[in-house]
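Subject: Structure for you to look at

Hello,

Here is the structure I promised to pass on. Please open it alongside this note; my findings follow below.

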Amino acid sequence: MITRKRLAAGVCALLAALTAGLALPAGAAAGEPTGQDSPKVDLVLDVSGSMRARDIDGQSRMAAAKQAFNEVLDATPEEVELGIRTLGANYPGDDRKTGCKDTAQLYPVGPLDRTEAKTAVATLSPTGWTPIGPALLKAAGDLDGGDGSKRIVLISDGEDTCAPLDPCEVAREIAAKGIGLTIDTLGLVPTAKLSRQLSCIAEATGGTYTSVEHQDELTDRVNQLVDRAADPVVTPVPVEGAEECAKAPALKSGLYTDREEFGQQRWYRVDVLPGQELRASVSVAADRAVNPNHGVLLRAVTTHGREIVRGEAAGDGRTDVISTGLRYPEPERDDSDGDKPAAESVCLAVSHSFSAASGVKTTPGLPLELTVDVVDGPGPAGDVASFGLGRGWWLLGALILTGFLAGLVWGWLSRWRVAVWRTN
């Protein structure tokens with residue numbers, strides 16, 4: 001009995017050691033959440049004449065928006081700085097030039113005074129035009145400054161009436177500035193044309209589009225977006241890739257954003273010490289109409305032009321984003337002089353095969369997001385002759401020994417019982 005208990009204890013100890021030995025330390029995450037400053041949200045509300053339509057739960061679109069805003073203001077987290085901007089609220093005339101300037105800050109972005117904000121919302125009355133493009137430009141200015149998250153929530157019931165200032169192009173220009181601003185859009189009882197326009201605005205900045213036909217849907221969705229602004233986020237760092245490896249900007253672990261023209265190749269450089277592993281991934285988004293059958297290629301290349309490893313992916317137009325990645329472990333090097341080994345500069349080359357559809361603008365380039373992570377590489381293999389089992393041999397050996405001993409005991413017991421049976 002004592003022998004069996006000791007054997008069981010030994011097996012348990014072996015299992016515990018095996019479990020501890022196989023546990024691997026988690027690698028450092030690429031990029032850390034920023035947002036030292038308070039998150040900012042600018043609610044941009046369409047107050048044009050069409051908001052008088054009574055097709056949302058038996059009330060006008062304007063009344064539904066006011067009720068939703070009041071509930072959102074009550075639920076806004078204390079840490080969020082919130083503002084309200086209007087478009088089409090002040091000019092009732094027919095002069096297009098004046099109507100397309102009709103956007104105003106109803107409540108400035110900052111610490112929220114709920115009573116003051118609700119009083120401002122109560123004064124709104126459907127009036128004039130729908131200058132979405134100019135309103136987005138002004139809203140981006142409302143959120144200028146600080147490194148916290150920035151979000152515009154655009155609510156409209158009609159497409160922009162101030163072309164050629166295309167609101168979709170405005171959203172692309174805002175995204176190209178690399179200020180980490182996201183635009184979410186909501187369409188009130190939208191038409192197909194409005195849905196396409198609002199979807200394009202949202203996709204250009206990595207935001208979302210939602211179709212709304214009921215007041216409670218509007219309240220819930222705006223609340224979700226305001227709450228989302230308070231969540232910690234990783235803000236990509238704007239970077240401009242070079243046209244060749246020698247001039248590439250040096251990057252460290254983190255999340256980066258850039259723009260790449262059609263038919264262009266962008267280069268970046270990362271220093272990797274011996275014993276470290278480079279992990280990189282890239283995503284390219286089609287923020288406008290492109291031809292199907294495209295791909296993205298990410299290559300790790302030495303400074304002498306030798307390709308080390310590559311990652312590639314292809315798409316057929318069913319998704320707007322295509323991604324790929326690669327891993328490169330820098331091997332350990334013996335240094336006879338005792339000096340610290342020098343880092344190797346690895347160049348990352350990003351290229352894609354997107355092509356613009358007929359009549360689509362090619363500038364600015366397509367947005368790309370590059371993740372770089374340099375972590376401690378895997379330890380040297382200590383089980384070359386172990387068929388990949390490593391410390392698993394401990395468990396296998398313990399099981400074999402246990403089986404052998406159990407067989408001996410069972411054989412002795414069986415022999416003893418047979419002898420007793422014959423005697424009786």
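A term first: patches are made of residues with over 30% relative accessible area and no salt bridge, and nonpolar side chains are joined within 5 Å. Keep in mind that this is a predicted model.

By that rule, Leu401, Phe404, Leu405 and Leu408 form a nonpolar patch on the surface. Together they have about 380 Å² of accessible area. Leu408 lies in helix H9, residues 392–423. Its relative accessibility is 48%, so Leu408 counts as partly exposed.

Now the overall picture. The protein has 9 helices and 16 strands. Of its 424 residues, 42% are buried. It exposes about 22200 Å², with 54% of that supplied by carbon and sulfur atoms. Take the contacts between residues at least 6 apart in sequence: 75% join residues at least 24 apart.

The largest nonpolar core holds 31 residues. Those touching the most other members are Leu43, Leu45, Ile155, Leu186, Leu218, Val222 and Val226. Strands E1, E2, E4 and E5 each give two or more residues to this core, as do helices H2, H4 and H8. H2 gives the most, with 7 residues.

Leu43 is worth a click. Beyond its neighbours within four places in sequence, Leu43 is in contact with Phe69, Leu82, Gly83, Ile84, Arg85, Val153, Val222 and Val226. There is also a second, separate core of 27 residues, which includes Val239, Leu298, Phe354 and Leu366.

Best wishes

How values were computed:
Residues numbered from 1 in each chain as written. Predicted model: local features only at pLDDT ≥ 70, side-chain atom pairs only at ≥ 80, totals over all residues. Heavy atoms only, no water. Core = buried A, V, L, I, M, F, W, Y, C linked by side-chain atoms within 4.5 Å. Buried < 20%, exposed > 50% of the residue type's maximum accessible area, 1.4 Å probe, protein only. Helix = DSSP H or I, 4+ residues; strand = E, 2+ residues; numbered from the N terminus. Contact = heavy atoms within 4.5 Å. Areas by Shrake-Rupley, 256 points an atom, 1.4 Å probe, with all protein chains shown as cover. Patch = residues over 30% accessible without salt bridge, like charges linked within 9 Å, V, L, I, M, F, W, Y side chains within 5 Å. Salt bridge = Lys/Arg side-chain N within 4 Å of Asp/Glu carboxyl O.
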